[in-house]
Amino acid sequence: MKFLVTGGAGFIGSHLVEKLLQLGHEVTTLDDLSNGRYNYIQSVMKHPNHTFVCGSIMDEALTDRLISKHDGVFHLAAMLGVKNCVESPRKIIENNVLGTRNILESCFRRNKKVVFASTSEVYGKNPQVPFREDSDRVLGPTMIHRWSYATAKALDEHLCLAYTKEGLQSAILRYFNIYGPRSEGTPYAGVIPIFIRAALENRPLTVYGDGRQTRCFTYVDDCITCTIAAMESSTNGLVFNIGTTDEISIMDLAHRIKRMTGSDSEIVLIPYKEAYGEGYEDMQRRIPDLARTNQILKYTNATPLDDGLRKTIQWHLEEMGLHDDGDSAYFDVT
Ligand SMILES: NC(=O)c1ccc[n+]([C@@H]2O[C@H](COP(=O)([O-])OP(=O)(O)OC[C@H]3O[C@@H](n4cnc5c(N)ncnc54)[C@H](O)[C@@H]3O)[C@@H](O)[C@H]2O)c1
C-alpha cells in the first residue's frame with residue numbers, strides 16, 4: 001500500500017518510515033525539518049519505494065495533493081516538548097491545530113484513513129490512574145502555557161472524531177512517553193535522552209521537583225508496532241493508549257541511567273519554577289489502561305525498560321563517536 005507519513009523525519013516518524021518500507025509498502029515522508037533530521041531518514045533516501053518531500057502540513061495545497069496519491073496517512077507532524085509550550089505557545093497551537101485540520105479535511109474528502117498521533121498529555125493532571133481512553137481530562141488554566149500542547153492535541157482529537165462522525169476513517173493514538181534511538185538530548189526532548197547525554201558527558205542529571213513523579217516509558221519499536229496495527233485493524237473512530245504500565249519515578253530513572261552508563265554524574269534536584277518559571281504545573285503519575293490496546297491492536301509484549309535503555313544508550317554512544325567496550329565504564333570523555 002502507499003502511505004504518507006507526516007513528521008516522518010522526526011524521532012518516531014523515521015522509525016515508522018523504516019518499518020513500513022521493510023514491510024513492503026510505498027512511503028512518502030512529509031516533513032519541514034523544523035525538528036526532524038535529514039540524517040534520520042538518510043538510510044532510506046535511496047530506497048526505491050521512498051520519497052521525501054520537504055514541506056509543511058500548513059500548506060493546504062501540498063498536503064491535499066500528497067494525500068490524493070496515497071491509501072492512508074500516518075499524521076505525526078507536530079511541534080512538541082514542554083519547553084516549546086512554555087516558550088512558543090502560539091507556534092504550538094497554530095502548527096498543531098491548523099496543520100492537523102488540513103490533514104483531516106483532505107483525508108475526509110478523499111476517503112483516506114488517518115492514524116493521528118496524540119498524547120497522554122491530554123489527560124492533564126487527572127489524579128485518577130490508570131487512564132482509560134474515556135477518562136476525564138483535567139487541565140490547568142489558560143494562563144499556564146504548559147497546557148497549550150495538550151489543548152491543541154485535544155482539539156485535534158475532537159476534530160478528528162467530528163469528521164469521523166461524518167464518515168472519516170480514523171484512529172487516534174495517545175502515546176505515553178516514547179523513547180529510543182533518535183530521541184535527541186536537546187532541551188526540547190524527553191527526560192531519557194537528556195539524562196543519557198548528561199550521564200555520558202559526566203554532567204549533572206537534573207531532576208525537577210522532588211523526583212517522585214512517575215512515568216511509564218514506552219520503547220519506540222512498541223509504539224511503531226501499535227501505530228501500524230492501528231492502520232491495519234478495524235479501529236474506526238477509536239482512541240487508544242499506547243504505552244506500558246511499568247511505572248518508574250524520575251529519581252529512580254536518573255539512578256538507573258547513571259548506573260547503566262557507569263557515570264560519575266551528580267543527581268541534582270531543582271524546583272520546577274527554576275526550569276519553567278512561576279506557575280508551572282506537572283502531574284504526579286501517568287499510567288495507561290491498556291485493555292483496549294491489548295485487545296484490538298494485539299499489543300501484549302512491551303519491551304522491558306532496561307532493554308530499551310541499553311539500546312538507546314548504545315545509540316547515543318555511537319552518535320557521540322564513543323563505543324561500548326563491554327565494561328560498565330562506557331566512556332572517558334570530560
Ligand atoms: N515522543 C513522545 O514521547 C511523544 C509522546 C506523545 C505524543 N507524541 C506525538 O508523536 C508525534 C511524533 O513525535 P516525535 O517525538 O517523533 O517528535 P519529533 O519532533 O521528533 O517529530 C515531529 C516531526 O514533525 C515535523 N514537523 C513539525 N511541524 C511540521 C510541519 N508544520 N510540517 C511538517 N513537518 C512538521 C518536525 O520537523 C519533526 O520531524 C507528534 O505528533 C507528537 O505530538 C510524541
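pLDDT is the predictor's confidence in each residue, from 0 to 100.

**View 1. Confidence along the predicted chain.** This is a predicted model. The protein chain has an average pLDDT of 93. A score of at least 70 is reached by 95% of the residues. Among the elements, strand 1 (residues 2-6) has the highest mean pLDDT, 99. Helix 9 (residues 272-276) has the lowest, 79. Where pLDDT is low, the predicted coordinates should not be read in detail.

**View 2. An edge-to-face pair, Tyr 38 and Phe 52.** The whole structure holds seven aromatic pairs. In one of them, the ring centres of Tyr 38 and Phe 52 are 6.3 Å apart. Their planes meet at 80°, over the 60 degrees that edge-to-face requires, so the pair is classed that way. Tyr 38 sits in the loop between strand 2 (26-31) and strand 3 (50-54), while Phe 52 belongs to strand 3. The pair therefore ties together parts 14 residues apart in sequence. Tyr 38 is partly exposed, because its relative accessibility is 41%.

View 3. Tyr 123 and Phe 176 pair at 6.2 Å centre to centre, with 40° between the planes. This geometry is tilted. Tyr 123 lies in the loop between strand 5 (113-119) and helix 5 (147-165). Phe 176 lies in the loop between strand 6 (170-175) and strand 7 (178-179). The pair thus ties together parts 53 residues apart in sequence. Both Tyr 123 and Phe 176 are buried. With Phe 131, they form one aromatic cluster.

**View 4. Arg 146 over Trp 147.** Arg 146 lies over the face of the Trp 147 ring. The distance to the ring centre is 4.8 Å.

**View 5. The largest nonpolar core around Phe 74 and Tyr 175.** This core has 57 residues. Phe 74 and Tyr 175 have the most contacts inside it. Helix 7 (residues 220-232) gives the largest share, eight residues. Beyond its neighbours within four places in sequence, Tyr 175 is in contact with several residues, including Ile 12, Leu 76, Ala 117, Cys 223 and Ile 242. Another core, of 19 residues, lies apart from the largest one. Among its members are Leu 4, Ile 57, Val 114 and Val 239.

**View 6. Ser 170, a buried residue of strand 6.** Ser 170 lies in strand 6. Its relative accessibility is 0%, so Ser 170 counts as buried. The side chains of Ser 170 and Thr 164 make a polar contact at 2.7 Å. Leaving aside neighbours within four places in sequence, the contacts of Ser 170 include Lys 113, Val 114, Cys 160, Asn 236 and Leu 238.

Methods: Residues numbered from 1 in each chain as written. Heavy atoms only, no water. Helix = DSSP H or I, 4+ residues; strand = E, 2+ residues; numbered from the N terminus. Phe/Tyr/Trp six-rings, centres within 6.5 Å; stacked < 30°, edge-to-face > 60°. Buried < 20%, exposed > 50% of the residue type's maximum accessible area, 1.4 Å probe, protein only. Lys NZ or Arg CZ within 6 Å of the ring centre and 35° of its normal. Core = buried A, V, L, I, M, F, W, Y, C linked by side-chain atoms within 4.5 Å. Contact = heavy atoms within 4.5 Å. Polar contact = N/O pair within 3.5 Å; in protein donor to acceptor, adjacent residues only side chain to side chain.
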